[in-house]
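Me: I would like to learn how to read the features of a two-chain model, taking one feature at a time. Could we begin with the contacts between charged side chains?

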Amino acid sequence: MNASARFTLPRVSLPRIYALESKHEFLRLLRAPQFAVPTLLFPAMFYCLFAVLFVKGASGFHANIYLLATYGVFGIMAPGLFGFGVSVAFDRERGWLTLKRAQPMPPGAYLASKLAMAMLFAATIFAILALLATTIGGVTLPLAAWLRLFLVEIFGVLPFCAIGLCVATLVSGQAAPAVINVIYLPMSFLSGLWMPLSVLPPLMREIAPLWPAYHLGQLALSAVGQPSEGSTLIHILALAATTAIFLAVARRRFARA
Amino acid sequence: MANAGSAPSARLIAVRKSYGAVNALDGVDLDVRPGELLALLGPNGAGKSTAISLLLGLAEPDAGEVQLFGESPHALDARRRVGVMLQSAGMPDTLKIRELLAATRAYYPHPLAADACAKTAGIGDLVERRYGKLSEGQKRRVQFALAIAGRPRLLFLDEPTVGLDIEARQALWSTVRALVADGCSVLLTTHYLEEAEALADRVAVLARGRIVAEGSVRQIRARVAQRRIRCVSALAPETIGAWPGVRSICRDGERIEIVTDAAESVVRLLLREDAALTELEVQRAGLAEAFMEITQNEIAQEAA
């Protein structure tokens with residue numbers, strides 16, 4: 001090792017490693033059309049169809065604001081569930097995770113970069129829906145409401161990242177997308193993200209608090225001043241508990257593997 | 001640095017590791033000395049991968065000690081002096097080679113320049129391509145580029161040339177030789193014994209979780225007395241087969257190949273019995289034969 005190399009090259013910079021890893025995780029999924037297209041397009045498409053075209057002018061119920069909140073939640077679940085579930089399952093199966101663990105990557109950078117990726121996708125989905133809502137949706141909200149919704153969506157990815165991670169420890173990369181769709185789509189429907197809970201059958205309304213997406217949906221609705229059920233504290237606790245439980249299961253599965 | 005000089009770069013001390021009922025490593029001592037290329041050989045399931053996993057901190061020993069530059073293999077400081085090429089490392093298909101290199105270089109305090117790294121690994125023209133678009137051989141070379149990106153003092157190469165064509169294999173060998181000449185230690189596992197023969201300063205043979213032979217390629221080869229005699233002769237194979245010291249004989253047209261423990265006396269007899277004999281060749285057994293004999297003896301002993 002020559003002396004000039006020692007002094008002219010930078011030392012290992014942790015922020016740089018975290019930034020690069022996060023950027024690569026984001027690019028990696030952005031360049032995968034099977035992930036990026038549904039993730040970025042579906043919430044926007046559903047919002048245009050159901051909030052703008054069909055229910056305009058329904059009385060007493062602001063579909064354009066209500067669905068901004070619930071489709072936002074529906075949207076940000078995908079980068080958590082699929083971003084973690086599919087990519088971690090792939091990394092495990094193909095040996096990428098083993099190589100990363102063998103390389104001198106700082107511990108924590110692997111999950112932190114995936115979390116940053118999921119949050120970046122969540123912010124993008126928020127921005128797309130906000131743009132549609134304020135233009136063709138005719139939504140006007142106070143700045144504080146926008147900020148509250150943004151925070152709910154950014155931090156709302158956490159429990160879904162934990163669920164995705166847990167699925168990744170249980171199934172192969174091939175099976176992960178199917179398994180996650182079976183969780184994602186029914187849970188979105190049963191949590192009232194596609195249509196208000198009030199129009200669902202009573203049984204479905206009663207079991208809704210079982211689903212983490214329900215709690216996040218209620219937080220998002222209350223953030224934009226739409227009628228919502230339950231207390232904010234309970235919703236936050238339910239989401240925190242979901243995150244903790246699934247992380248603990250994933251941790252145990254990883255330790256065993 | 002406290003561990004410069006002749007202290008081993010990597011070390012297993014009386015290491016045991018079992019997976020369930022399988023004793024993957026059963027009391028193994030192994031040193032990788034600074035600046036040497038140690039080839040770790042052994043049949044499948046002999047414990048090679050386990051040894052590498054332990055040295056890389058991917059698994060914990062049940063007993064004994066594992067050291068990287070005198071430290072725990074979990075110490076970031078020690079791991080920053082190590083480069084790794086694993087047997088299977090499927091990288092994300094949608095990332096570009098330039099990005100993969102940048103991510104790995106960032107882990108190391110004094111990385112090789114990205115261009116130099118790509119050029120050395122023979123992928124200088126591929127850096128803008130996505131990993132998924134590369135051929136198997138090109139992927140292997142990318143993995144090698146990542147292994148050398150941090151200017152390692154110790155390089156782990158696990159079956160590095162599987163999937164490479166002859167030219168790429170030769171190129172990788174000469175790069176590895178240059179690294180070793182530069183003072184880098186290398187731990188190599190390979191199925192190609194000619195690879196170990198071409199590169200290794202020292203060979204350790206692992207069988208059933210134990211080191212059963214260790215030494216230079218020459219010493220290991222010398223453990224096998226066998227030599228191979230080839231010639232063109234009209235002598236009947238049965239005649240030669242009856243001579244003392246002849247282990248086996250095979251005939252292909254008029255060419256004869258004899259494997260023997262007593263090459264000198266067999267050659268003397270050959271020349272006496274067949275004055276018209278031509279194209280005489282005597283070769284010491286290669287590493288491959290030595291390896292076969294050592295591991296088979298081991299298995300026979302185990303069975304006895």
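Reply: A salt bridge is counted where a side-chain nitrogen of Lys or Arg lies within 4 Å of a carboxyl oxygen of Asp or Glu. The model shown here is predicted, and in it the side chains of B:E99 and A:R31 meet in such a salt bridge, at 2.8 Å from N to O.

Me: How many salt bridges are counted between chain A and chain B, and how many residue pairs are in polar contact across that interface?

Reply: The count between chain A and chain B is two salt bridges, while the rule for polar contacts finds ten residue pairs across the interface, both partners being at pLDDT 80 or more. On the side of chain A that touches chain B, the elements giving two or more residues are α1 (3–8), α2 (14–30), α4 (63–94) and α5 (96–102) of chain A. The largest share of that side, seven residues, comes from α2(A). By residue class, the side of chain A that touches chain B divides into 17 nonpolar, four polar and nine charged residues.

Me: How should I read the extent of an interface?

Reply: The size of an interface is often given as the accessible area lost when the parts come together. Here the area buried between chain A and chain B is about 3100 Å², of which carbon and sulfur atoms give 61%. In terms of residues, 30 of chain A are in contact with 32 of chain B.

Me: Is A:D91 buried or exposed, and which residues does A:D91 touch?

Reply: Buried means under 20% relative accessible area. A:D91, which is found in helix α4 of chain A, counts as buried because its relative accessibility is 0%. Not counting residues up to four places away in sequence, A:D91 touches A:R28, A:W96, A:L97, A:Y110 and A:K114.

Me: Why is helix α1 of chain B described as largely enclosed by the rest of the structure?

Reply: The same cut-off for burial applies. Seven of the eight residues of α1(B), residues 48–55, are buried, so the helix is largely enclosed by the rest of the structure. Among the buried residues are B:I52, B:L54 and B:L55, and also B:K48. After α1(B) comes B:G57, whose phi is positive, near 75 degrees.

Me: Which residues touch the most other members of the largest nonpolar core?

Reply: In that core of 88 residues, they are B:F144 and B:F156. Leaving aside neighbours within four places in sequence, B:F144 is in contact with residues including B:M85, B:A121, B:L172 and B:V176. Apart from this core lies another, of 76 residues, among them A:V88, A:L97, A:Y110 and A:L193.

Methods. Residues are numbered from 1 along each chain as its sequence is written. Chains are lettered from A and ligands numbered from 1 in the order in which they are written. This is a predicted model: local features need pLDDT of at least 70, side-chain atom pairs count only at pLDDT 80 or more; totals for chains, interfaces and linings use all residues. Side-chain values use heavy atoms; hydrogens and water are left out. A nonpolar core is a set of buried Ala, Val, Leu, Ile, Met, Phe, Trp, Tyr and Cys residues joined through side-chain atoms within 4.5 Å. Buried means under 20% relative accessible area, exposed over 50%, partly exposed in between (1.4 Å probe, protein chains only). Contact means heavy atoms within 4.5 Å. Buried area is the accessible area (1.4 Å probe) that two parts lose on being put together, summed over both. A polar contact is a pair of N or O atoms within 3.5 Å; within protein, one must be able to donate a hydrogen and the other to accept it, and residues adjacent in sequence count only if both atoms are side-chain atoms. Helices (H or I, at least four residues) and strands (E, at least two) are DSSP runs, numbered from the N terminus. Ala, Val, Leu, Ile, Met, Phe, Trp, Tyr, Cys and Pro count as nonpolar, Asp, Glu, Lys and Arg as charged, and the others, Gly among them, as polar.
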